[in-house]
Protein chains: 2
Amino acid sequence: VFLGVLNGVGARTIAVESDDSGMRIDRLEECLQQLKRSNELHRLKMIYVVSDFENPSGISLSASRRKQVVELAKQWSIHHRIMVLEDAAYRELRYNGDPLPSVWSFDENRETVILAQTFSKSFSPGVRVGFGVIPRELVGVIGNLKGNDDFGSANLNQHLMATVLESERYEQHVEIVRQSYRTKRDTMLSSLHQEFSDLPDVRWEHPRGGLYVWLTLPKRIETGFSSKLFEFAVRTNHVMYVPGELFYPTGDPAMQKNQMRLSFGVQSLDGIREGIGRLAASVRDLPSCDE
Amino acid sequence: VFLGVLNGVGARTIAVESDDSGMRIDRLEECLQQLKRSNELHRLKMIYVVSDFENPSGISLSASRRKQVVELAKQWSIHHRIMVLEDAAYRELRYNGDPLPSVWSFDENRETVILAQTFSKSFSPGVRVGFGVIPRELVGVIGNLKGNDDFGSANLNQHLMATVLESERYEQHVEIVRQSYRTKRDTMLSSLHQEFSDLPDVRWEHPRGGLYVWLTLPKRIETGFSSKLFEFAVRTNHVMYVPGELFYPTGDPAMQKNQMRLSFGVQSLDGIREGIGRLAASVRDLPSCDE
């Protein structure tokens, strides 16, 4: 969705390679150097990072890299300030381990990092209230833009959230949500283990939070909307997934066509088991090209 | 506000002269001819009209002109379809007379007029739910734009409005709102009559609906944010108004600097009487330039 928004305003996006600790800082630096060489560094406005349980991979950025992203952004702010947008939408949905310090916390003079967070994941999507912590110089501009866009958020919903936060029911609610999702995640991971272990070259991430499991199939099995697998899964086995290729910027040379994002958010435990079963059946029984 | 939004997306706005029956159709046609002569007709996307109780003037577009606007838009749709945006935000706040047919109702094949309406004025501003009736060919595009802007309206609020509408409490509520505003409007008009009648060259509209009274002072008395009157009214007499010049497009040669918009929406009856008294005192006792 965010890639669509960026395309809509005419921005160009460049993907930076990740590994199990999130965005690779060496790759980010190479990317900055490449932009400098091609005389395009002045066009770079922002480094976007989902710090916790990234959608779709479920991976979090390590603490040391959080610090390095901020340092790099400051160091390379030659033509103008390069902002870091920290999208922390999933931050509160952590099911194991301690929270990491935010990227924002490493921006000591508060002029580089925009921290964006929402109550949609932790409290209720239908309320559509979130918050941002932004450098002072951007407050006026972002306020104007938002005013032009929506003439202000619904204050009924803001009052509702304020009341919930003041009542201390918010933390109680988040704990319930967390517990429910934790169980769903565990169910999805154990179903995947059970159903996919006998299939060669299938692997998936074990997310410590968030709402998604990122699954990679053998190279030859494409997952896109027009793929054989997608049609077979949806039409014959009535199970749906989000094709992995939707999560790469247009023209990204690193794009893989054999991945998918699985969601455990809305399904019941039985629904998750059933869905993973159907998905495995779809991969296992996929009609081959020769037939 | 809407002028600001249009500026923000780089659109040029051209003002069309109005009289007591709203936008003058002969002036609109002259404007279209002028655009044709200057080879700019292909740039014209939309004719914007507030059909009922326009902000700030309180004037409504006459029924015959509503029909003519649609006819003109269709007739001049040479390069592409020219849309008419009917902003009917104040439609339900009518205090005298029968409702006029909407501009939209004259667009028989439903391809020229976009009708936009809101529950902010008639029900509750804090809910921020409205609706539009749009030509079929625009549904996809506008849906995508809105999706990129806000990722969908708050469905808590949509459900709330749906429940209120189904319960038939909506009409009851609007009638209460209408009655309350009618009394406030009458109070403002009688206060104006009482306080301003002895001042020469002051005139004001008598709106049949909406939330505003549009007042014109003698030419020599400017009303802008940096005017003597504004400072005297706000600083000394503690009364506030919206300067009329804010309602003209940038560079509009017809702009007058001696007008103001008065709102009777939020004040109590006593507050309205007090405010108009203070405003009249501000005009009457305005320190002259010689002092």
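Where does P56(A) lie? In this predicted model, where local features need pLDDT of at least 70, side-chain atom pairs count only at pLDDT 80 or more, and totals for chains, interfaces and linings use all residues, side-chain values use heavy atoms, with hydrogens and water left out. Residues are numbered from 1 along each chain as its sequence is written, while chains are lettered from A and ligands numbered from 1 in the order in which they are written.

P56(A) lies in the loop between β3 (46–50) and α3 of chain A; helices (H or I, at least four residues) and strands (E, at least two) are DSSP runs, numbered from the N terminus. The peptide bond that leads from N55(A) to P56(A) is cis, with omega near 15°. In chain B, the bond from N55(B) to P56(B) is also cis, with omega near 15°, and P56(B) sits in the loop between β3 (46–50) and α3 (63–75) of that chain. Another backbone feature is found at F151(B), where phi is near 55°, a positive value in a residue other than glycine. F151(B) belongs to the loop between α4 (136–150) and α5 (155–166) of chain B. For context, most residues other than glycine have a negative phi, and most peptide bonds are trans.

Back in chain A, helix α2 (residues 25–37) and helix α3 (residues 63–75) pack at an angle of about 15°, with their axes 10 Å apart. The angle makes α2(A) roughly parallel to α3(A) (under 35 degrees; over 145 would be roughly antiparallel, 65 to 115 roughly perpendicular and the rest oblique). Here axes are lines fitted to C-alpha atoms, for helices over the stretch in contact, and angles run from 0 to 180 degrees between N-to-C directions. I25(A), L28(A), E29(A) and L32(A) of α2(A) meet R65(A), Q68(A), V69(A), L72(A) and Q75(A) of α3(A), contact being heavy atoms within 4.5 Å. By class, this contact has five nonpolar, two polar and two charged residues (Ala, Val, Leu, Ile, Met, Phe, Trp, Tyr, Cys and Pro count as nonpolar, Asp, Glu, Lys and Arg as charged, and the others, Gly among them, as polar).The crossing of α2(A) and α3(A) is right-handed, the near helix being turned clockwise from the far one by less than a right angle.
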